[in-house]
Amino acid sequence: MKIIYFIIMKNQKKAFIFDLDGVVTDTAEYHFQAWKTIADELNVPFDRHKNEELKGVSREESFKRLLSGKVLPPDQFKSLMNKKNDLYRSFLKKLTRNDMLPGMREFLTQSRHDGFKTAIGSSSKNAAEIIERLEANDLFDSIVCGADVPNAKPAPDLFLLAANKLNVPPEQCVVFEDAYSGITAAHTAGMKAVGIGTKEALPEADLIYKNLNSVTPEQIVNLLV
Ligand code: B16
Ligand code: MG
């Protein structure tokens with residue numbers, strides 16, 4: 001460990017907060033397959049391009065976006081949303097510890113070794129089950145999900161709650177996100193944001209990587225000094 005990095009890490013407690021879908025693992029295909037079944041049932045056009053609009057937003061908001069203005073009776077809306085979730089959860093049974101995105105397990109292990117606190121900040125109400133299936137519980141101090149806060153991303157609630165649970169001030173937290181709404185949420189929370197994806201999709205990110213393969217926590221810490 002370089003001396004300057006050692007001093008920065010000793011100086012103040014710091015945290016990394018990770019979005020789940022699209023950052024730690026990629027469950028977007030499972031979301032797509034489950035929503036596609038519902039869309040076909042309703043005869044609503046839905047393809048992979050449209051699915052991009054659903055990334056990072058809550059289940060309810062996803063369904064509204066899929067419907068593109070079509071209005072359903074509240075009971076039908078709710079029961080189809082539940083059906084989508086049951087299907088999605090059946091697909092999740094396929095997840096194993098090998099389904100973490102490239103470099104993620106190594107990055108998390110190194111971060112914790114270097115002294116960072118780590119948390120999940122995900123819109124998904126299935127986050128705890130996904131982390132369990134990835135055998136990644138010991139890599140996080142806290143898991144905060146859509147069920148824990150009143151307002152979904154781009155509101156800052158998820159990330160502020162995660163920082164609070166970690167007992168780290170927001171200005172000492174870096175969020176890792178693959179969705180535009182998540183980058184906005186991080187900034188609104190007073191945190192730095194690392195985008196996982198492309199500069200075109202995430203123009204507001206403070207740093208951008210395709211994934212965390214070969215990235216080190218030391219490269220990220222400069223955002224906090
Ligand atoms: P659930 P993230 C998000 O996860 C997904 O990207 C988004 O597609 C999904 O609609 C949302 O979780 C809710 O998921 O239906 O499982 O509660 O990217 O915030 O980790
Ligand atoms: Mg995401």
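In which helix is R105 found? R105 is found in helix α6, where helices (H or I, at least four residues) and strands (E, at least two) are DSSP runs, numbered from the N terminus. This is a predicted model, in which local features need pLDDT of at least 70 and side-chain atom pairs count only at pLDDT 80 or more, while totals for chains, interfaces and linings use all residues. Residues are numbered from 1 along each chain as its sequence is written, chains are lettered from A and ligands numbered from 1 in the order in which they are written, and side-chain values use heavy atoms, with hydrogens and water left out.

R105 counts as buried because its relative accessibility is 17%; buried means under 20% relative accessible area, exposed over 50%, and partly exposed in between (1.4 Å probe, protein chains only). Not counting residues up to four places away in sequence, R105 touches R97, M100, L134, E135 and L139, a contact being defined by heavy atoms within 4.5 Å. From L67, which is 38 residues away along the chain, R105 is separated by 36 Å between C-alpha atoms. Helix α6, residues 104-114, has as its buried residues M104, R105, F107, L108, S111 and D114, and these pack against α1 (3-11), β1, β2 (117-122), β4 and α10 (217-220). Just after α6, G115 takes a positive phi of about 110°.

Spanning residues 74-92, α5 has 19 residues and reaches 27 Å from its first C-alpha to its last, close to the 27 Å expected at 1.5 Å a residue, where the expected span is 1.5 Å times one less than the number of residues. Its buried residues are F77, L80, M81, K84, N85, Y88, F91 and L92. Seen down the axis of α5, these residues fall within an arc of 140°, so they line one face of the helix; the arc is that of the directions from the helix axis to the C-beta atoms. An α-helix has 3.6 residues a turn, so residues three or four places apart point the same way. The face of α5 turned away from the buried side carries the exposed residues D75, K78 and D86, whereas the cover over the buried residues of α5 includes α2 (28-42), α4 (59-67) and α7 (127-133).

What coordinates the magnesium ion (ligand 2)? The donors are D19 (OD), D21 (O) and D178 (OD), at 2.0 to 2.2 Å, where donors are N, O and S atoms within 2.8 Å of the metal (3.2 Å for Na, K and Ca) and sites may look incomplete, since water is not among the atoms. Along the chain the donors of this magnesium ion follow the spacing D-x1-D-x156-D. D21 lies in the loop between β1 (15-18) and α2, and D178 in the loop between β4 (173-177) and α9 (180-188), so the pair ties together parts that are 157 residues apart in sequence. Both D21 and D178 are buried.

Three further residues extend the picture. V194, in strand β5 (residues 192-196), is buried, with a relative accessible area of 0%. Leaving aside neighbours within four places in sequence, V194 is in contact with V174, V175, F176, E177, I183, L207, Y209, I220 and L223. N51 belongs to helix α3 (residues 48-51) and, at 7% relative accessibility, counts as buried; beyond neighbours within four places in sequence, N51 is in contact with A28, F32 and F46. N211 is placed in the loop between β6 (207-209) and α10, and, with neighbours within four places in sequence again left aside, N211 is in contact with P102 and I196.

Finally, the view widens to the whole protein chain, which has ten helices and six strands. Its radius of gyration is 18 Å, close to the 17 Å that the globule rule gives for 225 residues, so the chain is as compact as a globular protein of that length; the radius is taken over C-alpha atoms, and the rule is 2.2 Å times the number of residues to the power 0.38. Along its principal axes the C-alpha trace spans about 60 × 35 × 30 Å. Of the 225 residues, 50% count as buried, and among contacts between residues at least 6 apart in sequence, 62% join residues at least 24 apart.
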